[in-house]
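Thanks for coming. I will go through a few parts of this structure, and you can follow along on the screen.

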Amino acid sequence: MPMNINDPRVVRTKTNLRRALVDLMKHEDLSSISVQKITDIAGITRGTFYLHFKDKADFMEKTTQSILDEFFDDTIYKTVVDGQQCEVLNLERAFRYIESDAEVWEVFLDSEKHVTFYDEFYGRVAEYLTNYFNAVNIDHRKPKVPLPLQISFNASAFLGVIQRWLDDDMIYTSRYMNKSVEQLFGNLNVNDISVSNFFLPHEPIADDGVGEE
């Protein structure tokens, strides 16, 4: 019988495994963390672990993807820009989300602890920026600043400020970060086809849900 991923027992097991992994990554190199260590701290058996994952590599890949999936599910919403429906990111929710689970993000965004997470996070942001540009640029105008440079600059700025905020022990609140970064991206949003607009506030499409409490 196929496993129900929404079963509370399955969710609890995966949550405990993720917490155990993060706890271990704070003190050990990933290469030295074994399935046995993870399951011991999580309080589950190795047999239960292998019901969900093929091996440690599979566990790491799926955990990484679930962290990113959950982040973007919480922060991306649909709106209309220049008459075109598109998806944008809610900065306020992004900083609040990271603040609420800072331990996970501190560990996973540390390149010495997880060498690929930054690149995968960057790739997701770059994909959303590309989709945003394609959605609003219906007449195929050529932007003053080439799209690859816009994506590189904006995605790097977004991820870089998150990393620095975490490295500085989040000395600013998520609300302050939202307002400050929103202003920075707003200053970049010149009278051209700019992907910086992806990070600025927009009115969500009714029933989209993101942004509601």
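In helix 1, the buried residues are Val10, Thr13, Leu17, Arg18, Ala20, Leu21, Val22, Leu24 and Met25. Buried means under 20% relative accessible area, exposed means over 50%, and partly exposed is in between, with a 1.4 Å probe and protein chains only. Helices here are DSSP runs of H or I with at least four residues, numbered from the N terminus.

This is a predicted model, where local features need pLDDT of at least 70, side-chain atom pairs count only at pLDDT 80 or more, and totals for chains, interfaces and linings use all residues. Residues are numbered from 1 along each chain as its sequence is written, and side-chain values use heavy atoms, with hydrogens and water left out.

What do the buried residues of helix 1 pack against? They pack against helix 2 (35-42), helix 3 (46-52), helix 4 (56-75) and helix 6 (102-108), contact meaning heavy atoms within 4.5 Å.

Next, the loop between helix 8 (147-167) and helix 9, where Asp169 is found. Met170 is in that loop too. Most residues other than glycine have a negative phi. Asp169, however, has a positive phi near 60 degrees, and Met170 has a positive phi near 50 degrees. Asp169 counts as exposed because its relative accessibility is 63%, while Met170, at 22%, counts as partly exposed.

Last, Asn197, in the segment after helix 9 (174-188). Its relative accessibility is 14%, so Asn197 counts as buried. The Asn197 side chain makes a polar contact with the side chain of Tyr132, at 2.8 Å. A polar contact is a pair of N or O atoms within 3.5 Å; within protein, one must be able to donate a hydrogen and the other to accept it, and residues adjacent in sequence count only if both atoms are side-chain atoms.

Methods:
Helices (H or I, at least four residues) and strands (E, at least two) are DSSP runs, numbered from the N terminus.
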